[in-house]
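Please read it alongside the model.

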Amino acid sequence: MHFITGGAFNGKSGWVKGFYQLDDTPHKWISAYHGEVAGDLDQNLIVYEGIELMIREWSHALEFEEIRDKWQEMLAKWQEWEKTAVNRKIILIGSDITKGIVPMEAADRKWRDASGWAFQDAAAAADRVDLIWYGISQNIK
Amino acid sequence: MAEGSLIFISGGVRSGKSSYAERAAAGLAIKTEGKLHYVAAGKAYDPEMEARIQRHQDDREKSGLNWTTWEKPSALEEISENFNNQDIILFDCLTTLLNNELFRAEDVWRNREFQENLSSDILRAITEIRNKCRALIVVSNEVLNEPIGKNELVITYSKILGMLHTNIVDMADEAYLVEAGIPIQMKGEPE
């Protein structure tokens, strides 16, 4: 599992496409920005971008504990799936939304907190973590 | 230092990015016996802004070096012809320029073509100035690490700024992220 984070519009997706040569590699690209949700694991390489938006959806209906349990369960499921064949990989991309002023709306504060936790869990579950700053990667795990 | 160098420096508010950029420019000017230019995108709309601009000017004067100041709140491309290969240019800052350009006329920012022209004009201006001078230092802000929300103007602004930063870093010889006054080199050969 590979987790990629960094600020919005910092070139994270572009970096992933280049790093994994996705133009020439079969893969499935799931984008929460286009309203897509994590579905079947029917490719060996699966990219899931916009994790923070998925967390926002969840945070409307679920409590912190539930969000975290659900996310950790998902991560564990993906880790199991990766183990079933050598070339299987999940790539998670999440925009960092945690460095601004405390949001005015309670719902936004909840979303931001839940995203922070989710990113920590994703980083813990991943074998590799990269931080992207305007297209430049910093390998932090 | 090769001719036509481009250096990108970014950081949060009060991170010390401008002072670091000034030190870097001064260092280059001394090393290459170059001339220092300060290109300001900021315009004084209120006393707070005036004071801020004044403080920056005083700082530059105190440095004992000779800075030529240009005020260019928009249409950056217009000044490129003033420079030559002895010049070290500090441009401060990209976020302010983008602000000024996006708010030039009421609703024009909604136009997709306007947005595209705006970013390509800015990138072209940077390339032109860079090609004329010894070194161009572009200063900008870290503003893309918080929820962007649903405001279309904010989304447009963020998207263009992120795209500009990514392109400039790609073109740059060196790029720095300044945290609490400490420059972290993200691109280029370490000194």
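Chain B of this predicted model holds an open sheet of 7 strands in the order 3-2-4-5-1-6-7, with mixed pairing. Strand 3 (67-71) and strand 7 (182-187) of chain B each have a single partner strand and stand at the edges, so one side of each lacks a neighbour in the sheet. From one strand to the next the twist averages 20 degrees.

Conventions
- Residues are numbered from 1 along each chain as its sequence is written, chains are lettered from A and ligands numbered from 1 in the order in which they are written. Because the model is predicted, local features need pLDDT of at least 70 and side-chain atom pairs count only at pLDDT 80 or more, while totals for chains, interfaces and linings use all residues; side-chain values use heavy atoms, with hydrogens and water left out.
- Helices (H or I, at least four residues) and strands (E, at least two) are DSSP runs numbered from the N terminus, and two strands pair if DSSP finds at least two bridges between them.

Sheet and helices of chain B
- Strand 6 (residues 174-179) and strand 7 of chain B are paired in the antiparallel sense over 5 bridges; B:Leu177 has B:Ile184 in strand 7 of chain B as its bridge partner.
- Helix 1 (residues 17-32) of chain B lies across strand 1 (5-11), strand 2 (35-40), strand 3, strand 4 (87-92), strand 5 (135-141), strand 6 and strand 7 of chain B, and runs at about 175 degrees to strand 5 of chain B. Angles run from 0 to 180 degrees between N-to-C directions, with axes fitted to C-alpha atoms, for helices over the stretch in contact.
- Helix 4 (residues 112-132) of chain B also packs on the sheet, where it touches strand 1, strand 4 and strand 5 of chain B, and its direction makes about 145 degrees with that of strand 5 of chain B. Contact means heavy atoms within 4.5 Å.

Annotated position
- An unreviewed UniProt entry carries the annotation "active site" at B:His56; UniProt positions follow the numbering used here, feature names are shortened, and annotations may be inferred rather than shown by experiment.
- B:His56 sits in helix 2 (residues 47-62) of chain B. Apart from neighbours within four places in sequence, B:His56 is in contact with B:Ser18 and B:Glu22.

Contact between chain B and chain A
- The contact involves 23 residues from chain B and 19 residues from chain A.
- About 1600 Å² is buried between chain B and chain A, and carbon and sulfur atoms give 67% of it; buried area is the accessible area (1.4 Å probe) that two parts lose on being put together, summed over both.
- B:Asn145, B:Pro147 and B:Met186 supply 39% of the area that chain B buries against chain A, more than any other three residues.
- Between the two chains there are 0 salt bridges (a side-chain nitrogen of Lys or Arg within 4 Å of a carboxyl oxygen of Asp or Glu).
- Helix 5 (152-171), strand 1, strand 6 and strand 7 of chain B each supply at least two residues of the side that touches chain A. Helix 5 of chain B gives the largest share of that side, 8 residues.

Sheet of chain A
- Chain A has an open sheet of 6 strands in the order 2-3-4-1-5-6, with mixed pairing. Strand 2 (28-31) and strand 6 (136-139) of chain A are the edge strands, each pairing on one side only.
- Strand 1 (residues 2-6) and strand 5 (residues 128-133) of chain A pair in the parallel sense over 4 bridges, and A:Thr5 stands opposite A:Leu131 in strand 5 of chain A.
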